[in-house]
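Here is a short briefing on one structure. Look at the sequence and the model first, then read the points below.

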Amino acid sequence: MIKFFLMVNKQGQTRLSKYYEHVEINKRTVLETEVIKSCLSRSSEQCSFIEYKDFKLIYRQYAALFIVVGVNDTENEMAVYEFIHNFVEVLDEYFSRVIMFNLDKVHIILDEMLLNGCIVETNRARILAPLLILDKMSES
Amino acid sequence: MPAPIRLRELIRTIRTARTQAEEREMIQKECAAIRSSFREEDNTYRCRNVAKLLYMHMLGYPAHFGQLECLKLIASQKFTDKRIGYLGAMLLLDERQDVHLLMTNCIKNDLNHSTQFVQGLALCTLGCMGSSEMCRDLAGEVEKLLKTSNSYLRKKAALCAVHVIRKVPELMEMFLPATKNLLNEKNHGVLHTSVVLLTEMCERSPDMLAHFRKNEKLVPQLVRILKNLIMSGYSPEHDVSGISDPFLQVRILRLLRILGRNDDDSSEAMNDILAQVATNTETSKNVGNAILYETVLTIMDIKSESGLRVLAINILGRFLLNNDKNIRYVALTSLLKTVQTDHNAVQRHRSTIVDCLKDLDVSIKRRAMELSFALVNGNNIRGMMKELLYFLDSCEPEFKADCASGIFLAAEKYAPSKRWHIDTIMRVLTTAGSYVRDDAVPNLIQLITNSVEMHAYTVQRLYKAILGDYSQQPLVQVAAWCIGEYGDLLVSGQCEEEEPIQVTEDEVLDILESILISNMSTSVTRGYALTAIMKLSTRFSCTVNRIKKVVSIYGSSIDVELQQRAVEYNALFKKYDHMRSALLERMPVMEKVTTNGPSEIVQTNGETEPAPLETKPPPSGPQPTSQANDLLDLLGGNDITPVIPTVPTSKPASAGGELLDLLGDITLTGAPAAAPTPASVPQISQPPFLLDGLSSQPLFNDITPGIPSITAYSKNGLKIEFTFERSNTNPSVTVITIQASNSTELDMTDFVFQAAVPKTFQLQLLSPSSSVVPAFNTGTITQVIKVLNPQKQQLRMRIKLTYNHKGSAMQDLAEVNNFPPQSWQ
């Protein structure tokens with residue numbers, strides 16, 4: 001199961017974080033900095049899967065943004081790697097441009113896709129349906 | 001009060017902060033504004049404020065004052081409010097806060113709401129952070145939603161059910177009837193989550209697993225779904241790079257794995273589909289490889305036929321050749337898992353694996369190293385070792401220790417000849433000397449002792465190795481020991497295997513002395529060197545005076561260990577010169593002790609009979625705990641010999657563990673054997689004494705009767721009595737049996753008895769009969785202590801008692817001086 005989902009920029013600042021297992025708030029920042037350090041120090045030649053303490057980190061870089069997912073042993077790493085890409089595609093479709101100012105919407109999308117560490121939905125249309133309705137409601 | 005700023009503005013502002021301090025200031029200002037806004041109970045902007053609070057929480061600032069606000073938002077009727085409220089609940093609250101219980105009612109109402117999106121929200125939140133009480137209350141609602149026809153809700157309900165089952169496993173039965181129809185859905189989302197639910201149920205309960213196999217005919221259904229996915233043409237909804245819904249495929253394969261494990265029927269039903277997936281999936285993209293990976297794992301786990309297994313391993317072999325690092329990593333991991341069962345098949349790919357050792361990527365190198373060790377066998381040992389030694393030279397420091405230990409193990413098991421073995425060890429010591437684990441040194445010493453014909457060759461090579469450079473401690477320790485033992489062979493130039501070198505006694509002593517003086521030597525190494533010099537006094541003929549001088553210099557060394565050794569050796573020269581040659585004789589060939597290796601690489605054997613006591617083993621590094629120092633200090637600093645607890649096979653681990661903690665420098669673990677003691681020299685002449693005590697039970701047959709027993713300790717209702725026995729055959733041994741009794745009205749639990757004696761004695765503590773002293777003198781704890789008293793000195797003992805009584809932990813120290821003369825004279 002997925003333990004956490006992070007979006008970090010190249011300078012190491014967290015843009016989004018979602019934990020599916022309880023981690024103390026001060027430990028979170030430490031965890032995030034360590035994770036980011038290990039991901040940033042890898043070159044593009046190297047493998048996208050890192051072993052860190054007792055989980056595995058799977059990361060993917062998109063321009064200036066890193067998406068890092070921490071999983072436990074039972075997950076198929078490559079499936080998670082695909083999932084990250086799927087998530088980015090959904091975000092692309094909904095936000096045509098800069099994402100980060102609408103953090104709550106990103107959270108909503110993530111919630112539609114991952115529940116309690118497991119993948120719920122991977123179909124773009126279905127994920128975005130509640131969001132579009134929400135938008136229509138708030139406009140009216 | 002002006003309208004609070006939007007989240008967007010806040011993010012923009014915070015992004016402009018250039019330092020941490022600036023950011024903190026902005027956040028604090030905003031927090032203050034939010035707090036005052038909350039106090040005003042302003043409904044319209046609450047949503048916005050909570051959103052900002054969540055952002056700040058993500059950055060790491062405390063946001064607990066927003067928790068109640070989240071609840072208020074949840075209770076509101078507007079969807080936007082509810083949305084943010086639930087999000088806040090998921091992020092800020094968890095089981096540990098009491099506040100979350102207040103949500104239960106809200107969630108219950110929302111689960112029955114008319115709008116599906118609200119129901120969905122509630123399910124999502126419950127599924128993420130519901131505590132066991134909440135789950136118990138709301139499980140019924142979840143189950144109802146699992147049966148609806150609305151696919152949006154069904155999929156969420158399924159995952160919520162997974163969470164409920166995780167929290168409250170007893171409720172699993174409740175969800176069983178709902179699962180019957182889950183797999184008949186067309187909607188992939190529902191299918192996916194149902195598979196997850198089924199997986200969770202099967203993993204948790206073997207009964208469920210059996211039920212699903214037999215009654216539900218789950219396997220055929222899954223096979224059917226998988227087939228549809230593969231065979232169906234392009235479907236735009238689920239397509240990812242040409243493959244139809246790979247996520248679902250992977251999930252189904254995983255469930256099939258669980259169903260097929262250890263079950264022949266199910267495995268047979270799956271064989272076809274697995275073969276089909278394995279052959280038809282396109283491998284040009286990552287997606288295809290992900291599916292193939294999962295397929296391979298499944299094939300390996302179930303009882304598949306051999307053709308299928310070969311297919312799987314070939315797929316892995318193909319992965320290894322792929323350029324993509326991720327795939328290679330994944331292949332190496334799976335090969336590691338299968339190497340135990342399908343050894344031969346994996347051997348075929350050995351050369352590729354060995355190539356991976358040269359890869360730049362750390363994760364791949366680690367996997368390749370582990371796999372290489374698993375593949376080493378008698379046939380390929382020479383070639384593999386060459387590669388591994390080359391790897392050891394060039395790898396990162398974090399690998400060196402593991403690699404060195406692995407090489408030692410492999411060499412030990414498969415060495416084709418003794419000389420090769422020793423050469424390999426030498427190579428490891430010289431290249432990665434400082435990373436070798438501490439326990440490798442005694443093992444190596446034993447190995448060298450046992451290869452009798454190689455002594456001259458070994459000592460010569462070691463001497464040459466440290467001539468140039470004596471900074472690598474393990475190498476120096478082994479070399480010092482060997483030179484001490486076989487110095488005569490070195491000087492006489494008798495080596496057959498190699499060109500003998502001309503070394504004089506003085507040169508040897510030079511090197512040993514420089515090790516003693518060097519700043520790079522640890523005190524352990526110095527101990528080795530000093531003892532080696534001492535041993536040479538019997539082996540060398542012309543330099544005895546020089547040795548005497550060196551030894552006496554160190555009699556005043558600051559290092560306590562060196563001082564003790566030097567003083568004793570000095571005494572050996574002065575008073576006991578007649579014993580010197582006998583004491584410093586060559587070490588006998590030691591019994592083969594199977595060793596503990598790094599457990600991640602090879603199956604290990606536990607330590608069996610301990611090696612006979614060595615005179616100069618290293619105490620493993622600086623480790624005295626403060627407790628150890630206390631007890632030792634009490635008896636006057638230098639003159640302590642630590643207790644060696646010996647362990648018969650069944651033993652309460654806790655008692656042993658505390659004893660070990662107390663007395664620090666014994667290298668024992670959970671399944672201990674008696675460690676070699678840093679014994680004083682006179683003890684060599686009776687090495688196996690204590691070990692004899694191990695194999696036979698303590699009480700002698702020919703005891704001297706009539707030694708009065710004493711009450712060693714009596715305080716707070718706890719009384720400890722000592723009874724004595726002595727043997728005619730071995731008059732320096734006294735066996736003391738202690739009996740602990742308790743006259744208070746409450747039991748004393750976790751009772752631990754520890755003892756220490758002055759240096760001239762040796763003490764051995766056997767395990768107690770129990771750790772509870774029952775009240776009202778209804779029973780006693782018995783424990784046996786053996787004391788070796790060769791110098792017939794007055795017996796003194798300091799004891800430490802720890803136990804739990806009346807709910808509190810008690811501890812006491814006492815000295816026992818009233819030993820009857822017959823017990824030690």
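A:Lys105 forms a salt bridge with A:Asp135, and their closest N and O atoms are 3.8 Å apart. A salt bridge here is a side-chain nitrogen of Lys or Arg within 4 Å of a carboxyl oxygen of Asp or Glu. The pair links distant parts of the chain: A:Lys105 sits in helix α3 of chain A and A:Asp135 in helix α4 of chain A, 30 residues apart. Over all chains, the structure holds 43 salt bridges.

This is a predicted model: local features need pLDDT of at least 70, side-chain atom pairs count only at pLDDT 80 or more, and totals for chains, interfaces and linings use all residues. Residues are numbered from 1 along each chain as its sequence is written, chains are lettered from A and ligands numbered from 1 in the order in which they are written, and side-chain values use heavy atoms, with hydrogens and water left out.

**Where the chains meet**

- The contact (heavy atoms within 4.5 Å) takes 53 residues from chain A and 60 residues from chain B.
- The area buried between chain A and chain B is about 5200 Å², and carbon and sulfur atoms give 58% of it. Buried area is the accessible area (1.4 Å probe) that two parts lose on being put together, summed over both.
- On the chain A side, A:Met78, A:Phe101 and A:Leu115 lose the most area to chain B, together 14% of what that side buries.
- Three salt bridges are counted between chain A and chain B. The side chains of A:Asp111 and B:Arg83 meet in a salt bridge, at 3.7 Å from N to O.
- Between chain A and chain B, 11 residue pairs are in polar contact, both at pLDDT 80 or more. A polar contact is a pair of N or O atoms within 3.5 Å; within protein, one must be able to donate a hydrogen and the other to accept it, and residues adjacent in sequence count only if both atoms are side-chain atoms.
- Helix α2(A) gives the most to the side of chain A that touches chain B, with seven residues.

**The sheet in chain A**

- Helices (H or I, at least four residues) and strands (E, at least two) are DSSP runs, numbered from the N terminus. Two strands pair if DSSP finds at least two bridges between them.
- Five strands of chain A form an open sheet, in the order β2-β1-β5-β4-β3, with antiparallel pairing.
- The edge strands are β2 (14–19) and β3 (49–52) of chain A, and each pairs on one side only.
- Strand β1 (residues 2–9) of chain A pairs with β2(A) in the antiparallel sense over five bridges. A:Leu6 has A:Ser17 as its bridge partner in β2(A).

**Strands in chain B**

- Strands β5 (residues 710–715) and β6 (residues 718–726) of chain B pair in the antiparallel sense over five bridges.
- The two strands β5(B) and β6(B) form a hairpin with two residues between them, and B:Asn716 in the turn has a positive phi of about 55°.
- B:Tyr713 has B:Ile720 as its bridge partner in β6(B), and B:Thr711 stands opposite B:Glu721 in β6(B).
- Nine bridges join β6(B) to strand β7 (residues 733–742) of chain B, and the two run antiparallel.
- B:Leu718 stands opposite B:Asn742 in β7(B).
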